[in-house]
Amino acid sequence: MPVEVTWWGHATCTVEDSRTRVLTDPLFARRLAHLRRRRGGVPTADAWQADVALVSHLHADHLHLPTLARLAPGTRLLVPRGALRAVPGLRRLTHLGVSEMAPGDVTKVGGLAVRAVPARHDGRRLPVGPHRSPALGYVLEGEARTYFAGDTGLFEGMAEEVGPVDVALLPVGGWGPYLGEGHLDAGRAAEALARLGAPSAVPVHYGTYWPIGMDAVRPHEFHAPGHEFERLAARHAPGVAVHRLGHGESVRLGVAR
């Protein structure tokens, strides 16, 4: 099988393709500001191993400096254009090979071509920041074509910008009871899947972190998005195989081309 996907929680996945190991939006923390990890333990050391780590945008739950600092020396790190200016802490990660990317850029890593694609999402480092960077998705092109959407809303030309893919890693929720502009919920993610035409999908970005003190507030918003995405994907994109993984679980996928 050409590609294996492991979901570690939130937007963090390992994708293995063409003997190359990719880590998406690494976040291995028990707590981040007001958020607490409610499902899945902090992954073991093998989860930190990667040839390249991808950062989709500058928000702290996607660009998490303490996690990046623990990646092995020599790991490649791809970040949005302007990130080094907007997040000075990145410049201290001298043990990593940091490269900035903009939509359309392609970087070769091992047996993969990593292509940056647009995303519809706020690219600033929050809560404030004058410097803007484009939010990105990434397409990994090896034996399979795997789309990691990062954080995004639906946008015109999504299918054309991303191109044909075999596997779609799509955000279906968030870390609170309400999603703001520039996000996919389960329904919009199912619509995105229909546009993309990928034969396989893995829902991510839900069911991991939840605000401290909100455990009893609309808990279904924390647990339900993966199941809801499965249900709605069957309606909007019948025939697509949805792999709803538990934390630390993996799936091996073939290619339908």
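Visitor: What makes E4 and strand E5 (residues 35-37) a pair?

Guide: This is a predicted model, where local features need pLDDT of at least 70, side-chain atom pairs count only at pLDDT 80 or more, and totals for chains, interfaces and linings use all residues. Residues are numbered from 1 along each chain as its sequence is written, and side-chain values use heavy atoms, with hydrogens and water left out. Strands pair if DSSP finds at least two bridges between them, a strand being a DSSP run (E) of at least two residues, numbered from the N terminus. E4 and E5 are joined by 2 bridges, running antiparallel, so they meet that definition. Arg31 sits opposite Arg36 in E5.

Visitor: Is His205 called buried or exposed, and why?

Guide: Buried means under 20% relative accessible area, exposed over 50%, and partly exposed in between (1.4 Å probe, protein chains only). His205 has 2%, so it counts as buried. His205 lies in the loop between strand E14 (200-204) and E15.

Visitor: What makes the link between the side chains of His205 and Asp151 a polar contact?

Guide: The term needs a pair of N or O atoms within 3.5 Å; within protein, one must be able to donate a hydrogen and the other to accept it, and residues adjacent in sequence count only if both atoms are side-chain atoms. For His205 and Asp151 the value is 3.3 Å, and the contact is side chain to side chain.

Key: Helix = DSSP H or I, 4+ residues; strand = E, 2+ residues; numbered from the N terminus.
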